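Work through the exercises below with the coordinates open. Each task is followed by a solution in steps.

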Amino acid sequence: TTYTPGPGDTGGTVTITWTTVDPDGPNGPCLPATDDATITVNPAPVVNAGSDVTICAGTPAQLNASVTSGTAPFTYSWSPSTGLSSANTSNPNANPAGTTTYSITVTDGNSCSDIDDVQVAVSAIATASVGGPYTVCSNSSVTVLATTNNNGTWTTSGSGTFGNVSNASTIYTPGPSDTGGPVTITWTTVDPDGPTGPCLPATDDGTVTVNPAPVIDAGADVTICAGSPAQLSASVSSGTPQFSYSWSPSAGLSSATVNNPDATPASTTTYTVTVTDGNSCVDTDDVQVAVNQAPIALAGGPYAVCGTNAVNINATTNGTGQWTSSGTGAFADASDPQTTYTPAAGEVGTVVLTWQTFDPDGTGPCFGADDTADLVITLPATAVPGGPYTICSSDVASIEVTTTPGGGTWSGGQGVF
C-alpha cells in the first residue's frame, strides 16, 4: 500500500507498525505478530511561480519563482524554455513571441519537488512607418501613406489639412504657411492594449516639401474688331523658372506656346492659358476675346443717268448708314442703302456718290466704313430746226438746225442733202 504523511509527520521519523493477526484465534496457543518500521518525512518544497504578467512584444519581463519549505539546495527547471534567458534559474527574463504558460519544477536537497505555472501574455507592439519623402505644389494635394497595425491619427507641423486624419492613406493639402519648406507630418498608432497595458503608442515622421506654385494672370478681357488682332499678355507671379505656356484653343493665335500671342479669332472666344514651372507645378487662367463684326460698305455702281431722271442705287452694308453726293441732286431716302438719286437741273458730268456705314460699336474698337461710286449724268439731246423754207424745185435750200450735242443726221424727202 502507500503511506501519505499527515500534517504532523513532517520533519521527523514516523514509526509504522504491521500486526499479523493471531493465526489460531483468541483461544489458540499462538499470538499475533508485530513489527515496526520508520519513515522519515522530509519537508517538501513549495514553489510559487509568481503572478501572471503581460508584456509588450519584444520587451522582456522577469519571472520570480520563490520557494518555501524544503531543504536546500534547490534546483529549478522551466518548461518550455523558448523565450527564456535561462531555464535553470528562479528568475529568468521571459520574452516569448506569443502568449505562453511556463511551468517551473523545483527540486530540493532531499530530491523533493514541486511545480507551479505562470502565464506570460504578449500584447502586439504598435507599429508606425510613414512613407515619403513627399513633394507637392502649393496649389495641389499629395497622397500620404502610413504602414501601421492599428488605428491612429495624422498631425502636421504646418498649416495644411488632411483629407481624413484617421485614415492611414489620405491626402495632405498644404496650408498658406507650408510653402517653401519641408513640413513634418506624423502618424501616431494608438496604444494597442489601452492605458493600463505595457505597450505604448508608436509614432513616425515624414516630410512634405511644398514648392510654391505659379500664379498666372491671363490679363483683362478684350474686344477686337473682326480681323484686327489683339495682343494677349499673361503674367506669372510665384513659382520657379523656367516657365512654359500652353494656350487653348490655339485657333486664331499667332502662337500657342508664348505668354503674349496675338489673338485674331473669327468669333468671340475664351482662351485658357496653362503655365508650368520648373518644378512641374501648374496654374491656369482664362481671358475672353470678344469679336465685334467690322462694318461693310460697298456703294455698287458705276451708275449712269440721262438728265434729271431718277437712278436706282444699291449699297451693300451690314449696318445703318447714309448716302452723300458730291453733286446737288437729291436722294429719295439718304438712309436707305437701296434708294434713288435724282440729279439737279443743270447737273451734268460725273458725280461721286458715297455710302457710309456708321460705326457699329460706338466706343468699341471698330470704325465706320465708306465706299464711293461714280454717277455719270448726261444731258438729253435737243434739236431745233430752222424754216419753214420755200424754194423752187430747181433751187438748193440752205437749211440749219440748233442741236445739242452738235452731231446728228438729216433725213426725209426724196432729195439729197
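The model is predicted, so local features need pLDDT of at least 70 and side-chain atom pairs pLDDT 80 or more, while totals for chains, interfaces and linings use all residues. Residues are numbered from 1 along each chain as its sequence is written, and side-chain values use heavy atoms, without hydrogens and water.

**Exercise 1.** Find the strand order of the open four-stranded sheet and its edges.

Solution. Strands are DSSP runs of E with at least two residues, numbered from the N terminus; two of them pair if DSSP finds at least two bridges between them.
- Step 1: the order is 4-10-9-7, and the pairing is mixed.
- Step 2: strand 4 (53-56) and strand 7 (75-79) each have a single partner strand, so one side of each lacks a neighbour in the sheet.
- Step 3: strand 9 (residues 100-107) and strand 10 (residues 113-123) run antiparallel, joined by eight bridges.
- Step 4: opposite isoleucine 104 stands aspartate 116 of strand 10.

**Exercise 2.** Is valine 401 buried or exposed, or in between?

Solution. Buried means under 20% relative accessible area, exposed over 50%, and partly exposed in between (1.4 Å probe, protein chains only).
- Step 1: valine 401 belongs to strand 37 (residues 401-404).
- Step 2: its relative accessible area is 34%, so valine 401 is partly exposed.

**Exercise 3.** Classify threonine 269 by accessibility and locate a backbone oxygen by its side chain.

Solution. 
- Step 1: threonine 269 lies in strand 25 (residues 269-276).
- Step 2: with 16% relative accessibility, threonine 269 is buried.
- Step 3: a polar atom of the threonine 269 side chain is 2.9 Å from the backbone oxygen of serine 267.

Key
A polar contact is a pair of N or O atoms within 3.5 Å; within protein, one must be able to donate a hydrogen and the other to accept it, and residues adjacent in sequence count only if both atoms are side-chain atoms.
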